[in-house]
Amino acid sequence: MSNEVMIDGESLSVADVVAVARDRARVTISDKAKTAADRSRNAVEKFIDGGASLYGVNTGFGKLADTKIASDQLIQLQRNLIRSHVAGVGSPLPTELVRALMLLRANVLLKETSGVRSLLAVRLADLLNGGIHPVVPEQGSVGASGDLAPLAHVAHALMGEGEVDVDDGRRVPASEAFTDAGIEAVEFQAKEGLSFINGTQAQSGILALMVHDARNLWRTAHGAAAMSLEALRGTPVPFDARIHRVRPHKGQSESAEIMRELLVNSEIRESHRENDSRVQDAYSLRCTPQILGPVKDAIEFAAGVIEVELNAATDNPLVFGDEILSGGNFHGQPVAMALDFLGISLTTLAGLSERRIDRMLNTETSHGLPAFLTHDPGLQSGFMMVQVTAAALVAESRTLCTPASVQSIPTDGNQEDYVPMGMAAAFKARRILANATRVVACELLAGAQGLEFLKPLRPGDGVRRVYGRVRKLVSALEEDRPFTPDIECMSELIGRESLI
């Protein structure tokens, strides 16, 4: 990851978001972008001076849009807007999500369509670089006029009000943190408060990080799948390129290729090539590419959505040269649907993984492995509860799969009469990702244990590398012990990097 990310309103990437949100890359701003933003702001000020009625600039908001505001009250209008929208509740968002939100908001405000001073983006960069993070409650956004409440909490901090978390672990008043860091608070000018809180940046920041993590988990899931296949002495024949060439879905073909690479040079495979009574493996082994392939396609669909959204104009109204147009780009439906789709797909990945765990533990399906992968079944329970934990996580994820993006409840006096519930979709998807990561961790542990009983036969080259990574952190099970530390250790490893 880069140790510096320059934003310009046009070229922000998922990798940039990860670098700033997690790796604390420094944020800089393109001089060209600052000049363009300030030029757009000058155009807005000319409109204001001309006396024309402009939504949210010199009128009320939402249902109150027909109310004209006097010119000497325009700054107070923006101040009132921010304070009134600080209405989030619940636990604060994790710092990495707040950082992602702030970065995305700064980037979008640099677009000429926003009509705000570049100062707003500069101040957000100052906070990011200074390790000052507004306290943003996770609940309270329906994702319609953007993520109003989450963004308002950030805007409130920029005004020098509310609370922030600082890197030394303290939670302090924003004014105190600003004074300590030598940062000046922002007084929002006409239109600026509205532009700041109209946008999808809370849900989009979550989606950006999820796309990165889901890609990583998807690859790791193949390492678990291939190790389970070896432990169960399955066949690699279903991954033959010819099979997938005649049904050429992109994700399916990529999945089959990864499986082939993981299983090369397997002694285990050679040991049962002849005189094996089985004709075909179960679906959870044989159909891995046909199931994980669509998961990858769904992840890439979500990636396509976020790659557009990262640099999209999502505030309102928008400035186009000598015109200011009011529209609905703040509506989060594209992001909400992508989050829902991602959650469904990751639940599929987790469900497939759990089925393979069960096959390795059950003597009716494990093809010679001892019951529950223990040396002394009965006296010892072995991996019994590992499968129970995986089953619980899959069941929870399935209940979370009901789409949030169709759960509209009209707001703002029925002015905002169809909303996408994007943050609800984000909360669910994040929980599902965490569940799926732990299920794959359970499978990695079970698969590695299964290989212990096939020694001295060696698995395929790629599987052997995955097994080695697992064993660097978790030893083989010789007698019963608590599994929670092992599962969480493997989950943390998966969260940091792909095992293949």
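## Cysteines

The structure holds 0 disulfides, and it should be read throughout as a predicted model. For Cys489 the reason lies in distance, because its sulfur is 13 Å from the closest cysteine sulfur, that of Cys442, which is too far for a bond, given that a disulfide requires the two sulfur atoms to be within 2.5 Å.

In terms of accessibility, Cys489 counts as partly exposed, with a relative accessibility of 25%, whereas Cys287 is buried, at a relative accessible area of 16%.

## Packing of H11 and H14

Helix H11, which spans residues 250-262, packs with helix H14, residues 288-309, at an angle of about 125°, and the axes of these helices are 7 Å apart. At this angle, H11 and H14 are therefore oblique to each other, and their crossing is right-handed.

On the H11 side the contact is made by Lys250, Gly251, Gln252, Glu254, Ser255, Ala256 and Met259, while H14 contributes Thr288, Pro289, Gln290, Leu292, Gly293, Lys296 and Asp297. Sorted by class, the residues in the contact of H11 with H14 comprise 4 nonpolar, 6 polar and 4 charged.

## Burial of H6

Helix H6, formed by residues 148-158, is mostly covered, with 11 of its 11 residues buried. Among the buried residues of H6 are His153 and His156, together with Leu148, Pro150, Leu151, Val154 and Leu158, as well as the alanines Ala149, Ala152, Ala155 and Ala157.

After H6 comes Gly160, a residue whose phi is positive, near 85°.

Terms used
Residues numbered from 1 in each chain as written. Predicted model: local features only at pLDDT ≥ 70, side-chain atom pairs only at ≥ 80, totals over all residues. Heavy atoms only, no water. Buried < 20%, exposed > 50% of the residue type's maximum accessible area, 1.4 Å probe, protein only. Axes fitted to C-alpha atoms, helices over the stretch in contact; angles between N-to-C directions. Helix = DSSP H or I, 4+ residues; strand = E, 2+ residues; numbered from the N terminus. Parallel < 35°, antiparallel > 145°, perpendicular 65-115°, else oblique. Left-handed = near helix turned anticlockwise from the far one by under 90°. Contact = heavy atoms within 4.5 Å. Nonpolar A, V, L, I, M, F, W, Y, C, P; charged D, E, K, R; others polar.
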